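We'll start with a helix and then move over to a ligand.

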Amino acid sequence: MKVAWAGSREAFQVSDRMAKLVANDPVFEKFSKPMLGRKELFKNTLRKAAYAWKLINDLRLTEEEAKWLRHYIDEPNYTDLHWEMFVPAIEGQGTKEQKKKWLPLAQTMQIIGTYAQTELGHGSNVQGLETTATFDRQTDEFVMHSPTLTSSKWWPGGMAKVATHAIVYARLIIDGLFHGVHGFIVQLRSLEDHSPLPGLTLGDIGMKFGHGTYNTMDNGVLRFDHVRIPRNQMLMRVSQVTKEGKYAQSDVPRQLLYGTMVSVRQTIVADASKALSRAVCIATRYSVVRRQFGSRNGGPETQVIDYKTQQSRLFPLLASAYAFRFVGEWLKSLYIDVKQRLEANDFSTLPETHACTAGLKALTTAATADGIEECRKLCGGHGYLISSGLPELFAFYVPACSYEGENVVMMLQVARFLVKTVSNLGYKQPVGTAAYLGRVTPLLQNNCAVQTAEDWLNPDAILEAFEARAARMVIGCGERLAMFENPEEGFAELSIDLVEASLAHCQLITVSVFIQKLNHEIPGNGVKRSLEVLCYVYALFLLHKHQGDFLATGYLTPKQASLANEQLRTLYSKVRPNAIAFVDSFNHMDHYLCSVLGRYDGNVYPKLYEAAWKDPLNDSDIVDGIQQYVQPILKQKLHYAKL
Ligand SMILES: CCC/C=C/C(=O)SCCNC(=O)CCNC(=O)[C@H](O)C(C)(C)COP(=O)([O-])OP(=O)([O-])OC[C@H]1O[C@@H](n2cnc3c(N)ncnc32)[C@H](O)[C@@H]1OP(=O)([O-])[O-]
Ligand SMILES: Cc1cc2nc3c(=O)[nH]c(=O)nc-3n(C[C@H](O)[C@H](O)[C@H](O)COP(=O)(O)OP(=O)(O)OC[C@H]3O[C@@H](n4cnc5c(N)ncnc54)[C@H](O)[C@@H]3O)c2cc1C
């Protein structure tokens, strides 16, 4: 199962080696993080990042190994933006010459980059950005300027204190004419003494949610006061500006300007399973240790995992972790394919890849953030302790619902893709993830054939149910949209339904990828049978949760919906004996989990007790402030005391 989770034996070995390397090195200790102040926390992260870079070089780690190493260090820091956004932006949007100049510098970290797109006033609406890049023909330069307070760059990770360079998105202006938003490579700091270059105001935007997690990152604010950069620092694969000030567009579609976001959204989907599996591992192990009620004749109480209600909250999350792992793997291969095509100037699959990355990013991050919080509740009161590992994990994870495309905004992008696909149905056969929309007639006419709970244990029945629900919702939206004279007004008016239809489409993708995975790629029959159970749990849980959709579209009868729920209950009993094996298969080390409740050895209570004593408040019996503020209250006799 560990191999099935990792994707291959080799992938397992690489991640396992890196997990152990991090767990066994005292430099990467992280239990004390929540006790550190902001400055110490930040410096501590800089120290770890420097040490990690040394390890990467000394041990000559491959790119894949380096990624896992950074992942297991488990602290957001400037290198995330450098490797995940700055380098891909140059790779995707730079010309050959630009790549030749900048990539070697970035790949050897002689420069450190960030991605400065979002501003105080605009994040989702990229075309609304206000920073200007005005071409000056006399000097062959662009003048970067922040004309308003709301044009201040706001959020870029690593920018406040570390990054030496940034890809800055700004409105290109030539001779007073606006030519859209473009990316520019801008040096921010001196490579000698790290001080901000003249004309730049740089700072940190302040503390963020959850003390010890995202505050390791220096998210920054940046303002330009007429800062000049050479013309050749505009990323010019998509559009070019000549030294005469002529603006030209190549054959490459403008949408490629958004290409870096496609790349990162794909990695965010892959990462969702890591975060969710971590929470599920903690909650499952603890649910086996924890006992409440049910003792008879002095015997042991019931393990809370044996309560059906606990199973109905926990096991769908376990199944979702596996579903997200497989859909992340699938999306990665889709992305690798599109990347190769884009390099060869084939842009045909970009719209579908954009819809898949945007939609699956929204689906997986929302479910993971909610799932982590549910796992915290599944651990009862102890889940609220920092030492459970869950509050910090939630605080670290939850911004994924906002960054890299706010989730609702992303679902609306999927909706645009679906509406376009439906309106083209007469003359363009949909392919890939939208292929089912090419079979609308049977999907709209045929209803579900399930007659018994057992009938739901059939991938074809499940797939058809999800296809019919999505097709009916998408077509329904298309029909209602057609009634509006102005399509944009219609889109705005129907946006709630459109987001729901997009979610149905994305859930169909996750369910069908899980089923495909079982059909083709699982080593070993025992593993395959166990994963089949999880696949059914995932699908039938979604069906139960969204049964309103399945019923309202008329595909299911209430009886069939209740049979699905009956089957789901039976499936929970099949998951129970393997629950611990399923979570052990994630291969998460105790160091990575950073949770007393999720310890591999189950030794929860003594370690919880021990952890409490490490709190600084327990350094002495009488702490600072008691004499000054509490003792006087005890000693004074005030009038009010009689009341
Ligand atoms: C990890 C932690 C660090 C975090 C970092 C960050 O957060 S960094 C900051 C992260 N910030 C964000 O994530 C900001 C989120 N906001 C956005 O991405 C955009 O502003 C927008 C997509 C919402 C709207 O765009 P818009 O105003 O231009 O309007 P429009 O909807 O009309 O689209 C026009 C056309 O482009 C197409 N297309 C769109 N995107 C893509 C794409 N990625 N690829 C390919 N294509 C794409 C779209 O399909 C349409 O095609 P059509 O129909 O003409 O053939
Ligand atoms: C931890 C963190 C790290 C970040 N790192 C970076 C970084 O490195 N570089 C960078 O450039 N940016 C970064 N960002 C910024 C991030 O990308 C944006 O915050 C994100 O894209 C969301 O945009 P917004 O803040 O403008 O949200 P808004 O768009 O203002 O969202 C507010 C609300 O409005 C709704 N809404 C907006 N538009 C629509 C619409 N058209 N229809 C319906 N509803 C709508 C949204 O659904 C949401 O509910 C980071 C953010 C965070 C939290």
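Helix H2 packs its buried residues against helix H1 (2–6), helix H4 (63–73) and helix H20 (590–593); contact here is C-beta atoms, placed from the backbone, within 7 Å. Helices are DSSP runs of H or I with at least four residues, strands are E runs of at least two, and both are numbered from the N terminus. This is a predicted model, so local features need pLDDT of at least 70 and side-chain atom pairs count only at pLDDT 80 or more, while totals for chains, interfaces and linings use all residues. Residues are numbered from 1 along each chain as its sequence is written, with chains lettered from A and ligands numbered from 1 in the order in which they are written.

So who does the packing in H2? The buried residues are Ser15, Met18 and Val22 (buried means 20 or more other C-beta atoms within 10 Å of a residue's own, exposed means 12 or fewer). Viewed down the axis of H2, they sit within an arc of 65°, so they line one face of the helix; the arc is taken over the directions from the helix axis to the C-beta atoms. An α-helix has 3.6 residues a turn, so residues three or four places apart point the same way. The face of H2 turned away from the buried side carries exposed Arg9, Glu10 and Gln13.

Now for ligand 2. It has 21 residues around it, the closest being Gln117, Thr118, Gly123, Ser124 and Trp155 (the cut-off is a backbone-placed C-beta atom within 6 Å). Strand E1 (113–116) and helix H11 (407–423) each give two or more residues to this shell, and H11 gives the most, with 3.

Definitions and conventions:
Two residues are in contact if their C-beta atoms, placed from the backbone, lie within 7 Å.
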